[in-house]
Amino acid sequence: ARSAASLSGAAGNRYLGDAAGAKADSGAHGKRFQDVSDALAGLGIAGEQAKHLWGVVGAVVHAGNLAFKPKGEELVIADNRPLHTLVKQLGLEAVQAEEALVTRKIKVGAEVIAKPNTEAEAESVRDALAKALFSAAFDWLPRPLNKAPPR
């Protein structure tokens, strides 16, 4: 399950409470991860369903690791590794995902132009993406539980 989320530990993960890169207790995180996986399996969420759920959760975590930096007049992703993991988890294209994070479309008359986001705007887009993914996962979660036979 942990490999489905592409998670190796909590160190360096902004959304897991370690944005400053402080040493995290990866053993405790690993134990909690296993406890949640076991609980999900006990509720009937295992196999491919669990793999997909952990993939979305992993995408959320990796979204939190996206940082931005200016490059000339544009803004780019500082380290592409979290982006590539995120898009792999979600089945997206890296170029389009980066463009969606670092630019916004503005309609001027009949023309649509791309305008670079500021770093703060890109961080807001990143956080909104993570919140939307997390929300979608928890909107989905009751469906398989409601379909499960009574115990």
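Predicted model: local features only at pLDDT ≥ 70, side-chain atom pairs only at ≥ 80, totals over all residues.
Student: Why is helix 2 called roughly antiparallel to helix 3?

Tutor: The axes of helix 2 (residues 47-64) and helix 3 (residues 80-90) cross at roughly 155°. Angles over 145 degrees count as roughly antiparallel, so helix 2 is roughly antiparallel to helix 3. The two axes come within 9 Å, and the crossing is left-handed.

Student: Which residues of helix 2 and helix 3 make the contact?

Tutor: Helix 2 contributes W54, G55, G58, A59, H62 and A63, and helix 3 contributes P82, T85, L86, Q89 and L90. By class, 6 of these residues are nonpolar, 5 are polar and none is charged. Gly counts as polar under this scheme.

Student: What makes helix 3 roughly perpendicular to helix 4?

Tutor: The axes of helix 3 and helix 4 (residues 94-102) cross at roughly 115°. The class runs from 65 to 115 degrees, so helix 3 is roughly perpendicular to helix 4. Their axes come within 10 Å, and this crossing is right-handed.

Student: Which residues make that contact, and how do they divide by class?

Tutor: N80, L83, H84 and V87 of helix 3 meet A94, A97, E98 and L101 of helix 4. The contact of helix 3 with helix 4 has 5 nonpolar residues, 2 polar and 1 charged.

Student: Why is the pair K31 and D35 called a salt bridge?

Tutor: The closest N and O atoms of K31 and D35 are 2.9 Å apart. The rule asks for a Lys or Arg side-chain nitrogen within 4 Å of a carboxyl oxygen of Asp or Glu, so the pair qualifies. Both residues lie in helix 1 (residues 26-42), 4 residues apart, about one turn of the helix.

Student: Why does K31 count as exposed, and how does D35 count?

Tutor: K31 has 51% relative accessibility, and exposed means over 50%, so K31 counts as exposed. D35, at 36%, falls between 20% and 50% and therefore counts as partly exposed.

Student: What links R104 and E121, and where do they lie in the chain?

Tutor: Their side chains meet in a salt bridge, with an N to O distance of 2.8 Å. R104 is in strand 3 (residues 103-108) and E121 in helix 5 (residues 119-140), 17 residues apart, and the pair links distant parts of the chain. R104 is partly exposed at 27% relative accessibility, and E121 is partly exposed at 30%.

Student: How many salt bridges does the rule give?

Tutor: The count comes to 5 salt bridges. One of them joins K105 and E99, with the closest N and O atoms 2.5 Å apart.

Methods. Residues numbered from 1 in each chain as written. Heavy atoms only, no water. Axes fitted to C-alpha atoms, helices over the stretch in contact; angles between N-to-C directions. Helix = DSSP H or I, 4+ residues; strand = E, 2+ residues; numbered from the N terminus. Parallel < 35°, antiparallel > 145°, perpendicular 65-115°, else oblique. Left-handed = near helix turned anticlockwise from the far one by under 90°. Contact = heavy atoms within 4.5 Å. Buried < 20%, exposed > 50% of the residue type's maximum accessible area, 1.4 Å probe, protein only.
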